[in-house]
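Subject: Structure for your review

Dear colleague,

I am passing on the structure below, followed by notes on what was found in it. Please read the notes with the stated cut-offs in mind.

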Amino acid sequence: MNHRKGQAEEISGNTSRIWNGIFVKMLFINLMISFATNMMNQLAPMYSYDLSGSNVLAGTTASIFALTCLIFKFVSAPALDSLNKKLILLGASAVMACAFVGYAFSYTVSMLIAFRLVQGAGQAFVTTGCLIIATNSLPNKKMATGIAYFSMTTAVCGAIAPALSLKLIDLIGYHYTFGILAAMMFLVILSFAFLKLEHKPVRKFRITLHSVIAKEAVLPAAILLIISLASSMPRAFLAISTRDTIGSDIGYFFTVSAIVMIFSRPITGRITDKIGIVKVMIPMIILTAASFVMIGFAATLPMYLAAAVVQAIGMGSIMPSIQATIMKSVPPDRRGSASSTTYIAADIGTLIGPAAGGYIIDRAGYSLTWYYTVIPLIVGLAAVILFRRRLQRLDANEETRVPGILQELSD
């Protein structure tokens with residue numbers, strides 16, 4: 001009886017409750033992972049800049065972990081759909097812990113980049129696996145709401161991690177701070193060890209395009225890629241760009257942004273479940289674009305905080321809504337490929353955004369770069385409008401066929 005109950009909790013649609021045992025445990029694990037990675041995403045480009053004085057290297061250090069994260073996604077999705085999820089996640093979280101230990105002993109940019117690559121390899125499995133397990137424990141009709149709560153753990157970390165990381169390096173320096181983050185990752189390993197998951201093989205382990213990429217989700221994933229490209233910019237460069245004016249107080253930008261997300265994400269998740277993704281995405285992309293214009297104009301902390309509020313409402317609504325649509329576009333036994341598609345799109349955006357941003361900053365300065373960030377958001381908005389019917393069908397989980405571009409435009 002307990003065996004069947006454990007299986008039922010892990011398979012989407014077999015429960016009517018969002019707050020089931022598996023989901024609650026995954027919230028805690030995701031909270032720890034998000035806290036460590038959020039702090040590292042803030043500190044890595046700053047430490048790289050302090051070591052090298054180069055915005056290009058800072059941007060590369062910020063995004064380079066996405067390279068191995070992207071590469072190993074081609075293994076993680078089929079592995080998680082066919083092999084024992086718990087054992088995979090234990091091994092992957094151990095790899096991430098090794099990377100965080102390595103940060104504590106890094107004294108050159110090359111060492112820092114090397115361990116960022118190691119982190120990406122482990123993170124490819126951990127982030128994908130956590131989303132699969134959490135999603136499979138949710139009822140389909142409450143998917144957007146549940147994912148909004150799941151992603152809210154990242155927002156909670158965002159309320160604390162950036163400001164805390166800046167304060168910690170002032171107090172104890174980079175290396176001891178990295179040591180604290182390594183300890184968090186060891187806590188994640190222990191949490192996975194005590195997570196009770198039933199392994200029920202569905203298919204043999206095979207690495208194919210079908211097992212890695214969910215073709216049904218290519219359209220929303222492409223939009224996610226564009227949005228991720230823009231969203232990666234503040235994490236990489238805002239603290240560096242305001243170091244001489246706002247100082248470590250700019251950490252409050254991320255705190256305010258995260259607090260707003262904590263309250264807005266569950267609301268917009270419920271709204272998305274009721275009115276659909278398109279009616280939510282259009283105004284939220286416009287709000288997000290407006291926030292980057294506000295950052296470009298900002299000169300004082302209150303101006304930055306106002307931009308944080310606007311960006312949190314916009315970006316905080318976009319991400320869980322589009323993630324829910326991607327996960328609903330496939331049956332439960334292919335959630336690995338859907339999760340992989342989600343994170344491949346996000347990783348490509350994260351990889352391109354800061355690297356390209358560092359190049360533009362060196363030539364155009366910070367203010368103009370924030371304005372240029374609006375361009376990909378305009379492209380994303382155009383895609384939502386042009387392919388709105390397709391997005392609506394995917395969100396309603398009505399079909400899995402991918403129509404051609406000309407057919408979609410004719411709709």
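Predicted model: local features only at pLDDT ≥ 70, side-chain atom pairs only at ≥ 80, totals over all residues.

Patches here are made of residues with over 30% relative accessible area and no salt bridge, where like charges are joined within 9 Å and nonpolar side chains (Val, Leu, Ile, Met, Phe, Trp, Tyr) within 5 Å. Accessible areas come from the Shrake-Rupley method with a 1.4 Å probe, and for residues only the protein chains shown count as cover; a salt bridge is a side-chain nitrogen of Lys or Arg within 4 Å of a carboxyl oxygen of Asp or Glu.

Residues are numbered from 1 along each chain as its sequence is written, and side-chain values use heavy atoms, with hydrogens and water left out.

Phe28, Leu187, Leu190 and Phe194 make a nonpolar surface patch of about 430 Å². Phe28 lies in helix H2, residues 21-52 (helices are DSSP runs of H or I, at least four residues, numbered from the N terminus). Phe28 counts as partly exposed because its relative accessibility is 38%, the class between buried (under 20%) and exposed (over 50%).

As for confidence, the protein averages a pLDDT of 81, and 90% of the residues score at least 70. The mean is lowest in helix H18 (residues 405-410), at 36, and highest in helix H5 (residues 85-104), at 92.

Best regards

Notes:
Helix = DSSP H or I, 4+ residues; strand = E, 2+ residues; numbered from the N terminus. Buried < 20%, exposed > 50% of the residue type's maximum accessible area, 1.4 Å probe, protein only. pLDDT = per-residue confidence, 0-100.
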